[in-house]
Amino acid sequence: MAFDRKVFYIQEGRLAEALELAQRKFDEIVNSLASSTDANVQLKEWLHFVVEGYIKKQPIRVFSREGAIAIANHIDLGGEATERSLKKVLPLLEQYRIDYIDGQIRQQVYDNSSSLMLRNQRHWLKKEDIVRIFLTNSHRLDKAFQDIQKSDSPMRINEDFEDYLGTSYFSLSGLEKFSRELSLKLRSWERRVYCERVKEVAPPVINFLFYVPHPSEEDIKKAINFVKNRDGSCQITGVSREKYNRQIELDAHHLYDKDHYYFLSADPDNIITIASHVHEDFHLFNGGNSKICTIDTFIEYIKWRYPQKHEVILMLHNRRRVLMLKLAQLQRALPEGK
């Protein structure tokens, strides 16, 4: 069942472990509170927890912050624990908060590292990618740079930053200085925490991404030819090039674009044959050929432009499940921050 994982994110096993309770004892407490008629202690589904699924009719629950605190408070009021349960739960909530922020940062690095290059034994990213990783704008990054240059530890050219072919690049040491500066100067506490974590989380991910295999142009070309032979026609409209329909042109479309998701660029599961006019129309819908595109935006486009194509939409959702699994395998390989 779909639920908001930003609200319900605490796994019952981790919560039981934090409370130093065996899973069976934990379930007894939760079942008791969920069936209570006392509104002051009752645990309510969709407020304190959701049921993610069942194993032999036993519910697997995911709790909200409110649910975790309610259970801890109930145990404390019962006087069963030797140490305040709420004190045990708060570090778990903090770890979940940091994990969520770190996940955001890893995703930003993952989506905005197409400019990554190695030069003079340093990793470099374009300014535009640095801006996106910090979830800021060019003007704010320029101000941070100016403030850093006035500090006791200014950025050094060819070490922290450089201009290469007229484009500004920053190294990992430059990224670290931005992280420190923005974590001190931004107004929002949430934004300061995010920027502070960047210097811990981003460098190992960037180092890892640099060594992810890049399929060659020849590999990509072979995959495209394979897919066109496999599909034979536009997988959206069904049209194909034939004797009486020679004006039809077929393109190979990467569901996750090949610039930002280069490791999927030669994967036939990530390529679909579509008519050229559909291809062009989709990229207009997506904001241009240079914009990041994913299978989600393509499904959104198909639902909008071809809402009657139920079989196509179902096929794309099935393809999405396959690609998400492959992306998850890579994400699991990404290194954690410190």
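My request concerns Lys127: is this residue buried or exposed, and what is its relative accessible area?

Modeller: Please bear in mind that this is a predicted model. Lys127 has a relative accessible area of 17%; because the limit for a buried residue is under 20%, Lys127 counts as buried. The residue belongs to helix H5, which covers residues 127–133. Its side chain and that of Ser138 are joined by a polar contact of 3.1 Å. Leaving aside residues up to four places away in sequence, Lys127 touches Ser138, Leu141, Asp142, Ser168 and Phe170.

Of the 338 residues, 43% count as buried. Among contacts with a separation of 6 or more, 64% are accounted for by residues 24 or more positions apart.

The whole structure contains 18 aromatic pairs. In one of them, Phe49 and Phe63 have ring centres 6.1 Å apart and planes at 50°, so the pair is tilted. Phe49 lies in strand E2 (residues 49–55) and Phe63 in strand E3 (residues 58–64), so this pair ties together parts that are 14 residues apart in sequence. Both Phe49 and Phe63 are buried.

Phe282 and Tyr301 form an edge-to-face pair, with 5.5 Å from centre to centre and 70° between the planes. Since Phe282 lies in helix H10 (residues 276–285) and Tyr301 in helix H11 (residues 295–305), the pair ties together parts that are 19 residues apart in sequence. Phe282 is buried, at a relative accessible area of 0%, and Tyr301 is buried with a value of 0%. These two residues belong to one aromatic cluster, together with Phe285, Phe298, Trp304 and Tyr306.

As for cysteines, the structure holds 0 disulfides. Cys293 is buried, with a relative accessible area of 2%. The closest cysteine sulfur to that of Cys293 is in Cys234, 16 Å away, which is too far for a bond.

Terms used:
Residues numbered from 1 in each chain as written. Predicted model: local features only at pLDDT ≥ 70, side-chain atom pairs only at ≥ 80, totals over all residues. Heavy atoms only, no water. Disulfide = S-S within 2.5 Å. Buried < 20%, exposed > 50% of the residue type's maximum accessible area, 1.4 Å probe, protein only. Helix = DSSP H or I, 4+ residues; strand = E, 2+ residues; numbered from the N terminus. Polar contact = N/O pair within 3.5 Å; in protein donor to acceptor, adjacent residues only side chain to side chain. Contact = heavy atoms within 4.5 Å. Phe/Tyr/Trp six-rings, centres within 6.5 Å; stacked < 30°, edge-to-face > 60°.
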